[in-house]
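Visitor: I'm new to reading protein structures. Could you walk me through one, feature by feature?

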Amino acid sequence: MNAKRPLIAVLTGAGISTDSGIPDYRGPNGLWQKDPSAQELVTIGPYKADPDVRRRSWRMRLETGASAAEPNAGHRALVDLERSGLPLRVLTQNVDGLHRAAGLTPRKVLELHGTARETQCLRCRVVGSMAEALERVVAGEPDPACRECGGILKPRTVMFGEALDPAVLQQADAIAKACDLFIAVGTSLQVYPVASLPQIALEAGARLIVVNGEPTPFDAAAAEVIREPISRALPELVRRLVTERG
Ligand code: ZN
């Protein structure tokens, strides 16, 4: 039997960013429970078809101010883990860009659902800055078009009705297979295909640690389940890992 490479894979979901003031849209108190019409603002069909949906979507982005959010102790703990020298990959369902903002090396972060810090043109695929697009909205363009080709701009996120990038998903699968420890943080592990990642890791012989406020379908298979608030639990867990493995 081959010894596994000592790689730590950390999958993060909305729960790691709630202490940065970013709401969990899907959660029981999420925006989409309170205001189901908000969901069409992030659904590709209506977004493409209806300029009014796009105008409301840009306005929502301005008003929620998520781009001003700062990383918290949970994000910073993963930067500490990287700096300890232990091999690490972070797979995130979040589009808030806070892992990179905290200082994680970009190539070590796989943004499974894209990033809301950038825009992309639906026609020519050119990538731009979200901050710049929002400045154009403030300056009086309610639905800013692509400056290269006039096409529709959208956040570079995977919207409802869009598939995850197969190349990104393939990389995520490879990381799940290669790791010897898989830590799932702040994710309900109920949305596929991302929820298949801990399964892949377990089947490849990795140990699983779940850090989440609510039960997940993988708790029974986990070596350890941690329920405390993430911004407290994760720094503790990282200190322990660095001591054990460093
Ligand atoms: Zn374009």
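Visitor: Let's start with the open sheet of three strands: what order do its strands have, and is the pairing parallel or antiparallel?

Guide: Before we start, keep in mind that this is a predicted model. Now the general idea: strands of a sheet pair through backbone hydrogen bonds, either parallel or antiparallel. In this sheet the order is β5-β4-β6, and the pairing is antiparallel. The edge strands, β5 (127–129) and β6 (153–157), each pair on one side only. From one strand to the next, the twist averages 45 degrees.

Visitor: How many bridges hold β4 and β6 together?

Guide: Five bridges, with β4 covering residues 114–121. To see one of them, find Q120: its bridge partner in β6 is K154.

Visitor: What about the sheet with six strands: what is the order there?

Guide: Read across it and you get β3-β2-β1-β7-β8-β9, with parallel pairing. β3 (109–111) and β9 (224–226) stand at the edges with a single partner strand each, so one side of each has no neighbour in the sheet. Ignoring direction, neighbouring strands here are turned by 15 degrees against each other on average.

Visitor: Which strands does β1 pair with, and over how many bridges?

Guide: β1 (residues 8–12) runs parallel to β2 (residues 88–92), and five bridges join them. In that pair, L11 stands opposite L91 of β2. β1 and β7 are also parallel and joined by five bridges. There, I8 has L181 of β7 as its bridge partner.

Visitor: Are the residues of β1 buried or exposed?

Guide: Five of its five residues are buried. Leaving out residues up to four places away in sequence, T12 touches L78, V90, L91, T92, Q93, N94, H99 and V185.

Visitor: Which helices lie across β1?

Guide: Helix α4 (residues 73–83) is one of them; it lies across β1 and β2, at about 155 degrees to β2. Helix α8 (residues 196–203) is another, lying across β1, β2, β7 (181–185) and β8 (207–211) and running at about 160 degrees to β7.

Visitor: And when helices pack on each other, what should I read off?

Guide: Two packed helices are described by the angle between their axes and the distance between the axes. Take α7 (residues 166–178) and α8: the angle is about 35 degrees, and the axes are 7 Å apart. Their contact is made by A172, D173, A176 and K177 from α7, together with L197, I200 and A201 from α8. As for handedness, α7 passes α8 in a right-handed crossing.

Visitor: Last stop, the zinc ion. Which residues are its protein donors?

Guide: C121, C124, C146 and C149, each through its SG atom, at 2.3 to 2.4 Å from the zinc ion. Along the chain, the donors follow the spacing C-x2-C-x21-C-x2-C.

Visitor: Why is the arrangement of the four donor atoms called tetrahedral?

Guide: Look at the angles: the donor atoms subtend 99 to 116 degrees around the zinc ion, which makes the arrangement tetrahedral. For that label, all angles must lie between 85 and 135 degrees.

Visitor: Is C146 buried or exposed?

Guide: C146 is buried, because its relative accessible area is 6%. C149, with a relative accessible area of 26%, is partly exposed.

Key: Residues are numbered from 1 along each chain as its sequence is written. This is a predicted model: local features need pLDDT of at least 70, side-chain atom pairs count only at pLDDT 80 or more; totals for chains, interfaces and linings use all residues. Side-chain values use heavy atoms; hydrogens and water are left out. Donors are N, O and S atoms within 2.8 Å of the metal (3.2 Å for Na, K and Ca); water is not among the atoms, so sites may look incomplete. Four donors count as tetrahedral if all angles lie between 85 and 135 degrees; four count as square planar and six as octahedral if opposite donors are over 155 degrees apart and all others between 65 and 115; anything else is irregular. Buried means under 20% relative accessible area, exposed over 50%, partly exposed in between (1.4 Å probe, protein chains only). Two strands pair if DSSP finds at least two bridges between them. Helices (H or I, at least four residues) and strands (E, at least two) are DSSP runs, numbered from the N terminus. Axes are lines fitted to C-alpha atoms, for helices over the stretch in contact, and angles run from 0 to 180 degrees between N-to-C directions. Contact means heavy atoms within 4.5 Å. A crossing is left-handed if the near helix is turned anticlockwise from the far one by less than a right angle, and right-handed if clockwise.
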